[in-house]
Structures are given as C-alpha cells and as structure tokens.
Amino acid sequence: MTTTAAPARSSNVETVQMLSGGKWSDSSSTRFGDVFNPSTGQRIARVPFCTADEVNKTIEVAAAALPDWANKPVVQRCHFLFKFRELLTQHADEIARLVTREHGKTMVESRASVARGIEVVEFACGVPSLIMGQSLMNIAREVDCETIRHPVGVCAGITPFNFPAMVPLWMYPIAIACGNTFVLKPSEKVPLTAVMIGRLLQETGLPAGVFNIVHGDKESVDALLHHPQVKAISFVGSTPVAKYIYEEGTRNGKRVQSAGGAKNHLIIMPDADLDQAVAALQSSAFGCAGERCMAGSIAVGVGDVASRLVDNLVDKASKMKVGRTDEGPEVDMGPVISREHQTKVESYLDVASKEGATVALDGRKAKPPASAGGTGGQGGFILGPSIIDRVEPTMRVAKEEIFGPVLSVIRAKNLEEALAIGKRSEYGNGASIFTRDGYSARMFKHHFNAGMIGINIGVPAPMAWFPFTGWNRSFFGDLHIQGTEAVQFYTQQKTIMTRWFESASESHHDPVWKHK
C-alpha cells in the first residue's frame with residue numbers, strides 16, 4: 001500500500017469517503033493510500049487513512065445509536081436485512097464487477113463471492129429463531145428459570161483484501177440483526193466494494209449510526225482496539241496480525257474472533273479418481289489467484305500416485321489462461337493484488353530451488369492473452385500458476401503461507417505419513433483427502449490437524465449456516481465466524497430465575513437451596 005500526502009483537488013481519481021452517523025464525508029486525514037486495478041496496474045482511487053480522532057468519534061456515534069437499535073424488536077431489525085438482501089441481489093452483477101476491478105478476481109469468482117455473502121444476509125434474516133432463549137418451569141418448587149440473549153454493544157470488523165464483498169458480509173449482517181451497532185474497517189487495498197454495499201444498506205432506511213465505515217491502517221485499527229465502547233472485534237487476515245488483534249483486543253477487555261492464515265493440505269490417495277482430484281486441486285490452488293485462506297497450497301501424493309499427479313497437474317495448469325479480468329476475453333485466473341505481493345510470491349520460487357525442490361511449472365513465464373485493446377494485462381500484476389515438486393516438510397515453501405498461485409507437492413509413503421506431515425503445520429484451517437476408500441476417509445476426517453475437512457472436496461469452506469472453524473494459528477478466539485457461533489459471539493446470555501408468592505404467609509425459605 002502506497003502512502004501519500006493529500007494530492008491537489010484536481011486529482012482525477014475517486015477519493016473514498018467514510019460513513020459516520022448516516023452521513024458520507026471526506027476524511028480530514030492528510031495521509032492516503034492508493035487503490036489499484038490489478039489487471040492494469042493503474043491507480044483508480046485514493047483512500048484516506050482516517051485519524052484516530054475520526055475513528056473515536058465514529059465509535060461514539062455507533063454507541064449513541066445502540067440503545068434505540070438494541071430496543072427495536074428483532075423482527076423489525078430483520079426487516080432491514082430482508083430489504084438489504086433484495087438490493088444486494090438486484091445489484092449483484094454491479095458489485096461483482098467492482099470486486100473484479102479493485103481486486104482482480106475473474107467475474108465468475110466475483111459473482112460467486114457475492115452470492116456467498118448474500119447467503120450470510122439470508123442467514124441473518126433468520127436470527128429471531130436463533131436468539132430465542134430456553135426456559136424450564138419448576139426447576140425448583142414454584143421457581144422458573146429462563147435464558148435470554150442481549151446484544152454485546154458496539155462491534156467492529158477489520159477485513160482483508162481478498163474478498164471485498166464476502167468477508168465483511170460475514171460479520172455485520174449478523175451483528176446488527178442481533179441488536180448491535182457496527183463499525184467496519186475494510187482493507188485499504190479494496191475499499192470501493194465495501195462503500196458501494198454500505199450505500200445499499202443505507203437505502204433500506206437503516207437508522208443512522210447503526211452501520212459505519214472508517215478507513216485506514218494500523219492507526220485506525222488501534223483506535224478500534226483501544227476504545228472502551230467497542231465490545232467485540234471480528235478480524236480476518238494474516239496470522240501475525242490476527243495474533244496481534246486477539247492479544248491487544250482481549251487485553252482491552254473485548255470479545256475477539258480473529259481468523260488468520262493457513263497452509264492447507266490436499267492428500268491424494270493411490271485409489272483416487274485422478275482426473276477429478278487434479279481438477280479439484282487446480283481450482284483449489286489457483287482459483288482466486290491463490291489469494292484465499294482456504295486455498296490448497298500443499299498437495300500430498302501418497303504412494304505411487306505422486307509422479308502421475310504432478311504430470312497431470314502441470315499439463316492442466318500450463319493450459320490455464322491468465323490475464324486481465326476487467327475486460328477482454330475470459331481468462332481462468334486473474335492478477336494478484338499488487339506489485340509488491342507479486343514480487344513476494346515470485347520470490348518463493350527461487351527459495352524453493354535453493355532449498356532443493358524442483359519448480360515443475362514456473363508461473364513467471366505465463367503470457368497473458370491480448371485483450372481487445374491489445375494490452376492483455378501488461379502492466380498488471382500478472383503471475384501464472386506455479387507447481388513445485390519434491391518439496392520436503394522442512395522447506396519454507398511447505399511451512400510459510402505464500403498466499404498466491406503456488407502449489408507445493410510433497411510425497412508420502414502412506415496415509416499415516418501424510419497425517420504426520422499435517423500435524424507439523426502451525427496452521428489448521430482446512431484439509432482435504434481424495435480417495436474412494438471409506439476407511440482412509442474416516443481416518444483422515446478424525447485425525448487430520450485442521451478444523452475444516454473435505455472428502456473429495458477441493459475447498460472445504462463451510463457455507464453461511466456453519467461456522468468457519470479454523471484451528472491452531474489459523475484462528476485466535478473461542479467463537480468462530482459464521483453460523484450459530486457468530487450469533488453467540490454477537491450476543492451475551494442472561495439467566496433469570498423467578499418465584500412468585502401466592503400469599504404473604506407463604507414460606508420465604510429459598511427452595512433452590514432447600515436440601516429436602
């Protein structure tokens with residue numbers, strides 16, 4: 001992210017606005033970052049790095065809106081989300097085009113990510129049935145007990161660049177349905193989609209201050225982490241930052257769910273349907289240019305399948321069309337997010353070679369097809385799929401999150417060795433096995449060291465109704481994002497015991513503590 005001083009007013013790129021208390025406005029900050037179209041490398045907007053004072057005032061606005069919003073009947077709160085869902089559906093293709101423009105996904109990928117986000121809104125529309133409490137009459141003589149759920153308060157979301165629409169929608173629809181107010185800090189690399197969707201949410205008539213957007217870097221994040229009126233923080237990003245968010249947030253007395261990075265293993269057994277496995281691996285490793293925390297980044301070939309696996313993968317991946325996604329002919333894979341990230345990902349190919357692995361397919365040699373304008377993405381952050389063979393578990397490419405279109409292949413003698421390789425990983429997001437054998441699948445399901453498991457599934461990412469259950473250093477916290485765990489995260493439970501006396505002469509002895 002390039003940081004610049006405030007440019008002259010004649011700048012011909014959009015300046016991203018913040019949303020506070022129902023009003024869109026320019027930040028007073030003198031620090032800005034550049035937003036790029038990764039397909040061309042061109043600057044398309046500048047985003048302000050909001051000051052701590054602006055963030056603090058926005059939090060206070062959200063806190064002021066909280067009492068009325070929390071007191072509004074939950075069914076009425078969800079009426080806004082039903083309207084929001086309709087607006088998102090009506091504008092889905094427009095949102096997807098903006099995701100492609102500022103992130104670089106193919107339109108197929110962008111449309112799918114928007115659809116996954118809309119599903120979370122649909123889930124949030126059902127919150128009235130999910131925050132119902134429990135009750136038991138006569139838990140002791142003439143004593144009734146019940147539980148009810150209350151909103152937590154002001155919640156904040158800090159989201160990554162890789163899914164500009166979907167990941168923010170993982171958070172605030174559920175939070176506001178549960179009666180909280182919300183402050184979103186989207187990635188400074190991709191703020192345009194968050195702003196567009198925020199405007200759609202405003203069109204529902206949502207009361208001012210219930211949903212707010214600030215922008216920025218660590219200064220803005222720290223303001224959210226330190227403000228006493230922020231009660232809960234949701235984060236998705238890299239593991240080092242996830243750890244920092246969790247430690248700093250909990251130190252300041254906040255609930256935190258903090259999802260980090262990953263190194264997802266895909267195990268291919270000798271009995272697997274190799275064509276299906278290769279197609280799944282190709283999509284898992286190179287879909288979204290490998291920039292997703294559920295991407296398959298390590299293929300573990302078991303037994304004699306490894307050589308055939310590598311040959312087939314290289315054959316299929318080498319034929320993928322790579323190039324710009326914002327216009328021109330359709331491609332299979334788009335650019336990575338930035339020039340700096342492209343350089344970082346490419347550097348791992350040199351690291352692998354130096355450590356003794358074999359670069360079977362070098363994505364640096366990919367040639368983007370010419371577009372209608374003849375550029376084909378030249379100047380964009382284009383990098384083709386790469387496959388590294390003969391990787392050992394101790395190598396950096398096997399241990400570190402690359403977050404790009406790079407698939408490392410490790411060879412294992414048997415399933416037990418493959419499971420042992422997985423146990424060494426510091427991460428624990430997802431893992432999949434490809435097999436026709438039920439016993440192997442069962443062993444893998446129960447013993448692999450990850451929280452989201454796939455059997456003959458390339459990307460075992462759960463849909464909105466199930467929690468996103470990362471393990472180890474892929475997640476910091478107790479209650480995960482999505483599903484019913486998200487409802488628990490955004491609410492706090494109260495238990496109430498009640499006793500009414502029939503007459504003044506009735507015994508006042510506490511029946512709960514009566515021995516007999």
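**Entry 1: a glycine in a strand.** I began with Gly-296, which lies in strand E15 (residues 296-302); helices (H or I, at least four residues) and strands (E, at least two) are DSSP runs, numbered from the N terminus. Before going further I noted that this is a predicted model, in which local features need pLDDT of at least 70 and side-chain atom pairs count only at pLDDT 80 or more, while totals for chains, interfaces and linings use all residues. I also noted that residues are numbered from 1 along each chain as its sequence is written, and that side-chain values use heavy atoms, with hydrogens and water left out. Is Gly-296 buried or exposed? Its relative accessibility is 1%, so Gly-296 counts as buried, the term meaning under 20% relative accessible area, with exposed over 50% and partly exposed in between (1.4 Å probe, protein chains only). I then looked up Thr-495, 199 residues from Gly-296 along the chain, and found the two C-alpha atoms separated by 44 Å.

**Entry 2: the sheet around E15.** I traced an open sheet of 7 strands with mixed pairing, in the order E16-E17-E18-E15-E14-E19-E20; two strands pair if DSSP finds at least two bridges between them. Strand E16 (358-361) and E20 are the edge strands, each pairing on one side only. On average, and with direction ignored, neighbouring strands of this sheet are turned by 25° against each other, where axes are lines fitted to C-alpha atoms, for helices over the stretch in contact, and angles run from 0 to 180 degrees between N-to-C directions. Strand E17 (residues 386-389) pairs with strand E18 (residues 406-412) in the parallel sense over 3 bridges, and Ile-388 stands opposite Ser-408 in E18. Strand E19 (residues 430-434) and E20 also run parallel, joined by 4 bridges, with Ser-432 opposite Gly-454 in E20.

**Entry 3: an enclosed strand.** How many residues of strand E10 (residues 181-185) are buried? I found 5 of the 5 buried, so E10 is largely enclosed by the rest of the structure. Thr-181, Val-183 and Lys-185 point one way from E10, and Phe-182 and Leu-184 the other way. Strand E9 (residues 154-158) runs parallel to E10 and is joined to it by 5 bridges, with Cys-155 opposite Phe-182.

**Entry 4: the antiparallel sheet.** I next followed an open sheet of 3 strands, ordered E7-E8-E22 and paired antiparallel. Strand E7 (135-140) and strand E22 (491-499) stand at the edges with a single partner strand each, so one side of each is left without a neighbour in the sheet. Neighbouring strands here are turned by 30° against each other on average, direction ignored. Strand E8 (residues 143-151) pairs with E22 over 9 bridges, and Pro-151 has Thr-491 as its bridge partner in E22.

**Entry 5: positive phi.** In the loop between E7 and E8 I came to Glu-142, which has a positive phi of about 60° although it is not a glycine, and which counts as partly exposed at 39% relative accessibility. Gln-482, also not a glycine, has a positive phi of about 80°; this residue sits in the loop between strand E21 (475-476) and helix H16 (483-489) and is buried, with a relative accessible area of 3%.

**Entry 6: helices.** The 20 residues of helix H1 (residues 52-71) should span 28 Å at 1.5 Å a residue, and the end C-alpha atoms are 29 Å apart, which agrees; the expected span is 1.5 Å times one less than the number of residues. H1 has a kink of about 40° at Ala-65, shortly before the proline Pro-67, the bend being the angle between axes fitted to the seven residues ending there and the seven starting there. Helix H7 (residues 191-203) has 13 residues and should span 18 Å, in agreement with the 19 Å between its end C-alpha atoms. I found H7 mostly covered, with 10 of its 13 residues buried, and just after H7 Gly-205 takes a positive phi of about 90°.
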